[in-house]
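Biologist: Hi! Could you walk me through the aromatic residues and the helix packing in this one?

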Amino acid sequence: MVRDSGQTKARLLEAATAELAEHGIAGARVDRIAKAASVNKQLIYAYFGNKDALFDTVFSSYVGHVMDDVDFDATDLPAYAGRLFDRFEDDPAALRLSTWYRLERPQGMNLEAVVTLNEVRLDRLRQAQRAGLLTTHFDPVQLLTLIQAVATSWATTNPEFSATTSTSRAYRRRTVIAAVERLLADGPGQT
């Protein structure tokens, strides 16, 4: 029987994404990933080296999908926040992967995919600010941090609070967009 390494890797990455999103690096089990992918666990080590490298591959792939799926327009940040909100609503595992990345890699080696994504977005923010199209009240890092926090705010709210309110997805999305609009309300170029 001929083994298709591309298909095997794809199955491993799919299984690893689910496992790592659910349990993080420390809690994920190579045995469960191998079983879910219907492969021998030795293939994980052969293809990826170790569980940390597997997480890095999974997270880098996720970041690449975000770049492709969530268009970043520095001149329309409320719409970007809405698209980012949609991404996390449609794929809760994506937010969990991001959370695990921040928790388990706080001082770790930077992933090239993350560095690239941040450089692209920060450069576009700087360009929009220089062109007078975007407020300079916040520097690009502050602005990106605040927008990401607003876009993920509903998904990261504690369950007890979420249980006390019955807001629709559309309402939550409108709230995210309105909050970013208010954040930018001081007008282009003003400090």
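This is a predicted model: local features need pLDDT of at least 70, side-chain atom pairs count only at pLDDT 80 or more; totals for chains, interfaces and linings use all residues.

Biologist: In which crossing does α4 pass α6, left-handed or right-handed?

Modeller: α4 passes α6 in a left-handed crossing. Helices here are DSSP runs (H or I, at least four residues), numbered from the N terminus.

Biologist: And at what angle do the axes of α4 and α6 cross?

Modeller: At roughly 130 degrees, with the axes of α4 and helix α6 (residues 92-104) coming within 11 Å. Axes are lines fitted to C-alpha atoms over the stretch in contact, with angles from 0 to 180 degrees between N-to-C directions. α4 and α6 are therefore oblique to each other; under 35 degrees would be roughly parallel, over 145 roughly antiparallel, 65 to 115 roughly perpendicular, and the rest is oblique.

Biologist: Which residues of α4 and α6 make the contact?

Modeller: F55, V58, F59 and Y62 of α4 meet A94, L97, S98, W100 and Y101 of α6, where contact means heavy atoms within 4.5 Å.

Biologist: Some rings there! Which residues do ring pairs link into a cluster?

Modeller: F55, F59, Y62 and Y101. Rings of Phe, Tyr and Trp (its six-membered ring) pair if their centres lie within 6.5 Å; planes under 30 degrees apart are stacked, over 60 edge-to-face and the rest tilted.

Biologist: How many aromatic pairs does the structure hold?

Modeller: There are 5 aromatic pairs. In one of them, Y47 and F48 have ring centres 6.3 Å apart and planes at 75 degrees, so that pair is edge-to-face. F55 and F59 are stacked instead, at 5.9 Å centre to centre with 5 degrees between the planes.

Biologist: Is F55 buried or exposed?

Modeller: F55 is buried, at 0% relative accessible area, and F59 is buried at 4%. Buried is under 20%, exposed over 50%, partly exposed in between (1.4 Å probe, protein chains only).

Biologist: Changing topic, how do α1 and α6 cross?

Modeller: The axes of helix α1 (residues 5-27) and α6 come within 9 Å and cross at roughly 25 degrees, which makes α1 roughly parallel to α6.

Note on methods:
Residues are numbered from 1 along each chain as its sequence is written. Side-chain values use heavy atoms; hydrogens and water are left out. Helices (H or I, at least four residues) and strands (E, at least two) are DSSP runs, numbered from the N terminus. A crossing is left-handed if the near helix is turned anticlockwise from the far one by less than a right angle, and right-handed if clockwise.
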